[in-house]
Amino acid sequence: MNWIVKNLIKAAVFFIVLVIGAQIVLKVVTHHGQTIEVPDLTSMSVEEAHRVASKNNLRTEVIDSIFVRRMEKGAVYSQNPKAGTHVKKGRRVMLTINAKHAKKVGMPNLVGYSMRQAKAELNSRGLALGKLIYVNDIATNNVLRQIYHNREIRPGVQIESGSEIDLQVGLNPSDNMTYVPNVKGMKYLRAVDAVHDNSLNIGRIVFDKTVKNYSDSLNATVYKQTPAASKSPLLMGSNVTLHLSLDIKENY
């Protein structure tokens, strides 16, 4: 009996030692519990991003590119995992950069479209709506001319993606009023869309000190607008100024 008990005790001790040893080896091999906070690489050059990642025992790989007109060419546009994420040592951070050369797209023919139809067509081509220029006409918001760099642009002309196209649109004196939408709490591009959809122009965009680059601007939220949302009508084509921040709690 004593012999059996001794063997059982020895087996139990051996099993415990084996489990503890396996856990120790696993921790060493996988760096269990040891994580690194991913730094913010956005807006850096690829070379700078690689240096910063290497200092933090991380790797970088460029996997895609887009073209953003207002961002430095070749700079990091986005990253995965995002900044602040905790990962294991040696993790690969995948980068999307701003292309050095813009893709060319053909200018569509927007004449005769409604303003909203024209805006949707521009977006589908990788172009953006710039300013709405209202002139007297029988049909309100009917596109009369398409303008690029203050000159009329013909359909089919190749221009850089991301370019802004101004639209000259009709305005019937009996149908020339609109309402200012409430865009407080909306992010940058959504707020701009809402203003345009209500036949108004963006007068100014004001970013506070929390917004340091174009990537930040995309995540910034409107905390103030001028004029404020109102039930009183406003003339179509009027300007709206937006104030945006990454920290809306501080500004509300």
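Analyst: First, the ground rules. This is a predicted model, where local features need pLDDT of at least 70 and side-chain atom pairs count only at pLDDT 80 or more, while totals for chains, interfaces and linings use all residues. Residues are numbered from 1 along each chain as its sequence is written, and side-chain values use heavy atoms, with hydrogens and water left out.

The order is 7-11-8-9, and the pairing is mixed. Strands (E, at least two residues) and helices (H or I, at least four) are DSSP runs, numbered from the N terminus. Two strands pair if DSSP finds at least two bridges between them. The edges belong to strand 7 and strand 9 (151-152). Each has a single partner strand, so one side of each is left without a neighbour in the sheet.

Take the strand 9 end. Strand 8 (residues 143-148) pairs with strand 9 over two bridges, in the antiparallel sense. Tyr148 stands opposite Arg151 in strand 9. Asn150 sits in the loop between strand 8 and strand 9. Its phi is near 65°, a positive value in a residue other than glycine.

Next, the helix on this sheet. Helix 3 packs on the sheet and touches strand 7, strand 8 and strand 11 (164-171). Contact means heavy atoms within 4.5 Å. The direction of helix 3 makes about 155° with that of strand 7. Axes are lines fitted to C-alpha atoms, for helices over the stretch in contact, and angles run from 0 to 180 degrees between N-to-C directions.

Helix 3 (residues 115-124) also meets helix 4 (residues 188-197). Their axes come within 10 Å and cross at roughly 150°. That makes helix 3 roughly antiparallel to helix 4, the label for angles over 145 degrees. Met115, Arg116 and Lys119 of helix 3 meet Asp193, His196 and Asp197 of helix 4. By class, this contact has one nonpolar, one polar and four charged residues. Here Ala, Val, Leu, Ile, Met, Phe, Trp, Tyr, Cys and Pro count as nonpolar, Asp, Glu, Lys and Arg as charged, and the others, Gly among them, as polar.

A pocket is an open set of points on a 1 Å grid over the protein atoms alone, where a 1.4 Å probe fits, with protein on both sides within 12 Å along at least five of seven lines; lining residues have an atom within 4 Å of a point. The largest pocket has a volume of about 760 Å³, taken as the space filled by probe spheres set on the points, which are joined across faces, edges and corners. Its lining has 29 residues, and Arg70, Ala128, Glu164, Leu189 and Tyr214 lie nearest its centre. Helix 4 gives the most, with five residues. The lining divides into 14 nonpolar, eight polar and seven charged residues.

Helix 5 links to another site. The second largest pocket has a volume of about 320 Å³. Helix 5 provides the largest share of its lining, four residues. Strand 3 (76-80) supplies at least two. The lining includes Tyr77, Ser78, Gln79, Ser215 and Asp216. By class it holds four nonpolar, five polar and three charged residues.

Strand 3 then opens onto a second sheet. Three strands form that open sheet, in the order 2-5-3, with mixed pairing. Strand 2 (59-66) and strand 3 are its edge strands, each pairing on one side only. The twist averages 25° from one strand to the next. Strand 3 and strand 5 (residues 92-98) pair over four bridges, antiparallel. Ser78 stands opposite Thr96 in strand 5. Helix 2 (residues 46-55) lies across strand 2, strand 3 and strand 5, at about 150° to strand 2.

Two backbone details remain. The peptide bond from Asn80 to Pro81 is cis, with omega near 5°. Pro81 lies in the loop between strand 3 and strand 4 (86-87). Thr226 and Pro227 are also joined by a cis peptide bond, with omega about -5°. Pro227 is in the loop between strand 14 (221-226) and strand 15 (234-235).

Definitions and conventions:
Parallel < 35°, antiparallel > 145°, perpendicular 65-115°, else oblique.
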